[in-house]
Amino acid sequence: MTTLVLAAHGSRDPRFAVTVERIATAVGEQLAGVDVRLAYLDLNSPTVHQVLADCEGDVVVAPLLLSAAFHSKVDLPAIIDQACRANPAISVRQTPTLGSDPRLIGALADRLDEVGLRPTDGVLFTAVGSSDDAADGGVHQRAAELAAALGNPLVQTVFATRLGADNGNLRAAVRRLRRGGARRIVVSPYFLSAGLLTERVDAAVDALAPGAQIAGPLGAHPQLVDVVCDRYRAAVHAVV
């Protein structure tokens, strides 16, 4: 049986580890009999390298990352290459990141439903932001897909790492939504877990748009878990 290593980013915020552990548990329940192990790229332990050192045979590494940026394109492949040199008993295949799967749009819509999204609401789609233009372009595409799924053109993307001086970028996004007719602002966090970045956005939105609603992060949503499991199955099938 091929081992599945879930490679999460890592965070100093303890809520992140709790969230990805829930994801790992849900994946393990769906992939009965598969050895599912959780590892981190940074800030938490065990690290991906440590987990791979203890593996044998075929291994699938599935990044619990939403964007195809530095961590998935450079960092993780380098860790895998180093681990394979140190442990020649393993053969590793890395799956794509999660964000390109359309099922995540359904998960985001569900989170908005949970806070009572209305047709007259304007949605702030918030994400981390990257130095990789293609990754940021992917985030904008996800926002467009969410708008189409909701049947609501009032969706604006704001990167949590680039709120702007005095939250100027966020202010501009809220103004655009208001001009478009939004009566209330609702935040849709494109994050696995709540943390310092989501709290920074939430506090700024509360100050700029009193009465705003904040949807929950993706977390262990069943559709996200399905994506992880299908990534594993596809990788195993490709090996066979």
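User: Where does Pro-46 lie?
Analyst: Pro-46 is in the loop between β2 (36–40) and α2 (48–53). Helices (H or I, at least four residues) and strands (E, at least two) are DSSP runs, numbered from the N terminus. This is a predicted model, where local features need pLDDT of at least 70, side-chain atom pairs count only at pLDDT 80 or more, and totals for chains, interfaces and linings use all residues. Residues are numbered from 1 along each chain as its sequence is written, and side-chain values use heavy atoms, leaving out hydrogens and water.

User: The peptide bond from Ser-45 to Pro-46, is that cis or trans?
Analyst: The bond joining Ser-45 to Pro-46 is cis, and its omega is near 5°.

User: And what about phi of Leu-43, positive or negative?
Analyst: Leu-43 has a positive phi, near 70°, although this residue is not a glycine.

User: OK, new topic. How many helices and strands does the chain have?
Analyst: The protein chain has 8 helices and 8 strands.

User: In what order does the sheet with β1 run?
Analyst: β2-β1-β3-β4, an open sheet of 4 strands with parallel pairing. Two strands pair if DSSP finds at least two bridges between them.

User: Which strands stand at its edges?
Analyst: β2 and β4 (90–94). Each has a single partner strand, so one side of each has no neighbour in the sheet.

User: How much are neighbouring strands turned against each other?
Analyst: By 25° on average, with direction ignored. Axes here are lines fitted to C-alpha atoms, for helices over the stretch in contact, and angles run from 0 to 180 degrees between N-to-C directions.

User: How many bridges do β3 and β4 pair over?
Analyst: Strand β3 (residues 57–63) pairs with β4 over 5 bridges, in the parallel sense. In that pair, Val-61 of the chain stands opposite Gln-94 in β4.

User: Which strands does helix α1 touch?
Analyst: Helix α1 (residues 14–30) packs on the sheet and touches β1 (3–8) and β2, its direction making about 155° with that of β2. Contact means heavy atoms within 4.5 Å.

User: What about α3, which strands there?
Analyst: α3 packs on this sheet too, touching β1, β3 and β4. The angle between the directions of α3 and β4 is about 170°.

User: Now the sheet with β5. What is its order?
Analyst: β6-β5-β7-β8, again 4 strands in an open sheet, with parallel pairing. The edges are β6 (155–159) and β8 (213–214). Because each of these has a single partner strand, one side of each is without a neighbour in the sheet.

User: What stands opposite Leu-124?
Analyst: Gln-156 in β6. Strand β5 (residues 121–127) and β6 pair over 5 bridges, in the parallel sense.

User: Which strands of this sheet does α4 touch?
Analyst: Helix α4 (residues 103–114) touches β5 and β7 (184–189) as it packs on the sheet. Its direction makes about 140° with that of β7.

User: Last one. What box do the C-alpha atoms fill?
Analyst: Roughly 60 × 35 × 30 Å, taken along the principal axes of the protein chain.
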